[in-house]
Amino acid sequence: MAAEWEDDSSLLAVLLDVSPTGLAHLAAIPGLGLQSLLEQLLTFLNAFTLLSDANRLAVFTAGAGGCQLAFCSPSCQPAPLMAAAGGHVAADPWPPSAAILSGLQRVVQQAAAAAEVAGVQPGAAAAAAAAAAAHGGGGSCQLSSALSRVLCFIHSMQRRAAAAQGSLLGGSGGGAPPAAERLQPARLLCLTAAPDVPSQYIGVMNAIFSAQRSGILIDACQLGAGHSSFLQQAAYLTGGTYLKPARPQALTQYLNSVFAADARSRRYLRLPGTARVDFRASCFCHKRPIDLGFVCSACLSIFCQQLPACTTCGTEFGAGDKK
Amino acid sequence: MSSHQANSLVAFVTGLTGGQLEQLFVQPYCVVAILRSLQPLSRHVLLRFTATSGSISAALVSSWARAEGDSKLGAALAELQKLHLLAQVAQGGQAAWAVNASFQAQLRHAICSGLLTEQDSGALPPAAALPSAAELNAYARQQWDGLLLYLVGGSSQPPGPPPELRGAAPVDIPSLLARAGLMLKDEYTLTQSISQSGFQFLLADLYSQLWSAVRQYLADLQAAAGEAGGAGTAGADLAVAVNFLLRLGLQAGRPMCYSRLAESERVIAAHMAHLGLLMPLPAGGEVWLHPTRMAAVLAGGGRAGEAAAAAEDGFVIVESNFRVYAYTTSAVQAAILRVFVRCDALLPNLFVGTITRDSAVAALEAGITADQIVGFLRQHAHPRVAAKTPIVPAVVADQVRLWQQELRRLRSNAATLYGRFEGPALYASAAEHAQRLGALLYRDDERQVLAVQSAFHDAMRVHIKTQKAALGL
């Protein structure tokens, strides 16, 4: 087991949906407002940093305007900031709660301001948000781009930590194995209340596959009314956990008992699984989730109706209606 | 627990027994440190207990594990029970697990509102008063080198406490070193001089040095607590001291205001400032204590501690002709090098010496091992040579090890020689018996002679007598 990371610490990236649609759905949940969500999330983040001194944390918010980094552990600071601090990597001071809270509030206020500009009131009924989603997701979160951004961030953090550790081991003269093989385990926790935006199907699936390939777990906590097929598939494919809390107002208990566990401890713990995963694909032509469809034999594109030629790769299906 | 923690503050804490451990559970930083020292699964179990009323039925707890994790969960629960964090209680006729109430309260507080206590939240000294990293290092080095210099006998007085904290009682460094077994007191002259383990202490890395001094400091407090019957203020002193040291680690680099510390914390704060872990700096009518690099080394424990110590600038160059060049102005470093290097020339900033057979053997006979010598040279290597492999030329390292083996070629044992046995059967039986006892040093089957450790003479005599009777000789 030489290739394993030497302790149980992990890198956790949290992706919080603060898009107007997401906020509207959040406000519709009884007993859980945005303020309460942030407070409960904060206790979870505190608990996570408490568990191990090598645990690293990054919090992203995904809004209609894009994905923003609200907080990250000092050891995760982007390179230019590190250089400004004299290249000195300090141990993460504990607790980070004050910094997280100010970062989150800043971003959420921006999001709320953006929502007012867009004309969607945070207190509006879910119907208005659903209508916005139907208009091609103008007010919803760009899940695909946010996932890609967070995955890129995790990837660069893992590389940097491995390089730092490699140089440390090399410096002490030990015959250590190449450090590139030993990456700190990472997970991504998506917190959202909004339903899927089918038009993002391809992008989201590509992000999920890249997470699966680089061994990053995607955990998902769907707070809203319906299930999220995208996040169910993401958790299923990457070995993460998908949870739709029965009582969202007691969020902190769900977070602490399910999502605080690192990948190795999860092997031994009984965690809520998903009985049925909605594997339905969205068609490439109308972005609608479909049960049965037509698949291009050349490029595997999916369509909800029979076409004379594939719109993706241009292959002609001329012989299709021969009796 | 991973191996690098075997020799650390946290291992000391978790090694404490019942009553003393209970007193730690009301100290916030101790709670965090204890939590982090546990197995991952134990931590998650505790986390699930945080938001409960205090007890959960045993059936529910055992349902947390999957089938393949049952034994792991059992081990985690046993670990928690051993540390008095969980206890088995009966609740309404059913078995249940109850979490230690004060531990739960501290953990809940830490999770909900963080560790910053009211007294140190927000307040920081004016930025202009903050010392640079070099000043901090210089202060830590001055205090610690003073202690080392006193240890090697280079100065007759231990380093004094910082002038800013004159009012507080300083650490009694001479008796601390004596109790740690690093110095021995001469009965007649009443002067102290360095002991064999003191020499080993000198060559150890900074973390090991620091840890053995602090461990002795804590052991003294623990002994005081033992005398006071485990309860009362003495026991609380230990808990406060441990909490303070752990806090240094968790709030790395954060200065604290001396006058706003609790009464009991001021004592240990002044002591740690005396040892060089904290640098006092007066600003705005208050005295602030700024943690130095040594505090980070201590807090980091073995692995992180070595990394922090390695950042120290090296100064030693060893050539393959056994010449040693050490670019240092420190009297302590020169004194340490003199333990195993013959000094040829001493320039203002350079120590030139040679590792000779005499100098090395003298050090080896004083109880230092070859690995410690080579380790010291490697650890303090000048940056120019630190990049090369091997850092210490193989010929030098091998020769020091050969000299050590040379010393071990002959070994003396008090022995008894047995000869002129009455017959080969008696000889064979006696030899076999000696072998069984593990006391056989030499046997010559042709001449029927045995050498056995003297300590076993009585056992041998009894055996030979009974054998003689049995064989009818």
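Mentor: Let us begin with strands: helices (H or I, at least four residues) and strands (E, at least two) are DSSP runs, numbered from the N terminus, and two strands pair if DSSP finds at least two bridges between them. This is a predicted model, in which local features need pLDDT of at least 70 and side-chain atom pairs count only at pLDDT 80 or more, while totals for chains, interfaces and linings use all residues. Residues are numbered from 1 along each chain as its sequence is written, and chains are lettered from A and ligands numbered from 1 in the order in which they are written.

Trainee: What makes E2(B) and strand E3 (residues 94-99) of chain B a pair?
Mentor: They are joined by 6 bridges and run antiparallel; because the definition asks for at least two, they pair. Within E3(B), B:Gln94 is the bridge partner of B:Gln91.

Trainee: Why are strand E1 (55-57) and strand E2 (86-91) of chain B called edge strands?
Mentor: In chain B, 3 strands form an open antiparallel sheet in the order E1-E3-E2. Strands E1 and E2 of chain B each pair on one side only. Neighbouring strands of this sheet are turned by 35° against each other on average, direction ignored, with axes being lines fitted to C-alpha atoms.

Trainee: How do you know that the length of helix H2 (residues 34-51) of chain A agrees with expectation?
Mentor: The expected span is 1.5 Å times one less than the number of residues. For the 18 residues of H2(A) this gives 26 Å, and the end C-alpha atoms are 26 Å apart, so the two agree.

Trainee: Why is H2(A) described as largely enclosed by the rest of the structure?
Mentor: A residue is buried if 20 or more other C-beta atoms, placed from the backbone, lie within 10 Å of its own. In H2(A), 13 of the 18 residues are buried, so the description holds. For chain A, 44% of the 323 residues count as buried.

Trainee: What makes a set of residues a nonpolar core?
Mentor: Its members are buried Ala, Val, Leu, Ile, Met, Phe, Trp, Tyr and Cys residues joined through C-beta atoms within 7 Å. The largest has 197 residues, and A:Ala13 and A:Leu15 have the most contacts inside it. Its largest share, 10 residues, comes from helix H12 (residues 232-250) of chain B.

Trainee: How confident is the predictor in chain A?
Mentor: On pLDDT, the predictor's confidence in each residue from 0 to 100, the mean of chain A is 76. Over residues 80-94 of chain A, however, pLDDT stays under 50.

Definitions and conventions
Axes are lines fitted to C-alpha atoms, for helices over the stretch in contact, and angles run from 0 to 180 degrees between N-to-C directions. A residue is buried if 20 or more other C-beta atoms lie within 10 Å of its own, exposed if 12 or fewer, and partly exposed in between; C-beta atoms are placed from the backbone. Two residues are in contact if their C-beta atoms, placed from the backbone, lie within 7 Å.
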